[in-house]
Amino acid sequence: GDKCPKNVLRSATIDVYCKNVESVILSVNEPSYCQYHLSMESFYGCPAGCPITENGLCNSHGHCSFDDVNRQSYCYCNTGYGGVDCSPTSSKSTKTYAGLSAQVGLMITLLIITLLLLGVIGYMVYRITEDRKAQALLYEQTSTSSSHGIELSSHDFH
């Protein structure tokens, strides 16, 4: 190209935005003479912690971002994908199954405890009812025998 006037050095600014494409040029400008500005999208503009596989950035099943809390970049994977590069996960997850069996086991245990408690409460109600019947019968027998004794003594006085 032509020489820049008065010994001005050529300069170029390139802004590369993280995107799951090899490279797409968005714009090329010359804001002032001998100064250039290029904007493009590419997976080369993404954080280095996100792997590029043959399918693309994060295996094309997630997006690359920087985690400010953990201070590192990694792939945020779509549902059904996981790992460092968002590989497909198996549909039969042992973790989910283990969680489900723990829940079922807990439910069965709680059901058995509930049934035992209901049995204990039922037995207590039965015992209380039987005790009340026995006390009522005893009271009736006691009051009948004592009323006969009073009648006899009242007959004795007349």
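Me: What pattern do the disulfides of the protein chain follow?
Reply: The pattern is 1-3, 2-4, 5-7, 6-8, 9-10, with bonded cysteines counted along the chain. A search of the whole structure finds 5 disulfides. The model is predicted: local features need pLDDT of at least 70, side-chain atom pairs count only at pLDDT 80 or more, and totals for chains, interfaces and linings use all residues. Residues are numbered from 1 along each chain as its sequence is written, and side-chain values use heavy atoms, without hydrogens and water.

Me: Why is the pair C4 and C34 called a disulfide?
Reply: A disulfide is a pair of cysteine sulfur atoms within 2.5 Å. The sulfur atoms of C4 and C34 are 1.9 Å apart, so the pair qualifies.

Me: What makes the disulfide of C4 and C34 left-handed?
Reply: The torsion about its S-S bond is about -110 degrees, so the disulfide is left-handed. C4 lies in the segment before β1 (11-18) and C34 in the loop between β2 (24-32) and β3, so the bond ties together parts 30 residues apart in sequence. Strands here (E, at least two residues) and helices (H or I, at least four) are DSSP runs, numbered from the N terminus.

Me: How do you know whether C18 and C46 are buried or partly exposed?
Reply: Buried means under 20% relative accessible area, exposed over 50%, partly exposed in between (1.4 Å probe, protein chains only). C18 has 34%, so C18 is partly exposed. C46 has 9%, so C46 is buried. A disulfide joins the two.

Me: Why is S39 called buried?
Reply: Its relative accessible area is 8%, so S39 is buried. S39 sits in strand β3 (residues 35-42). Leaving out residues up to four places away in sequence, S39 touches D15, Y17, V24, I25, L26 and S27. Contact means heavy atoms within 4.5 Å.

Me: What makes E130 and K133 a salt bridge?
Reply: A salt bridge is a side-chain nitrogen of Lys or Arg within 4 Å of a carboxyl oxygen of Asp or Glu. The N to O distance between E130 and K133 is 3.9 Å, so the pair passes. The structure holds 1 salt bridge. Both residues lie in helix α1 (residues 94-157), 3 residues apart, about one turn of the helix.
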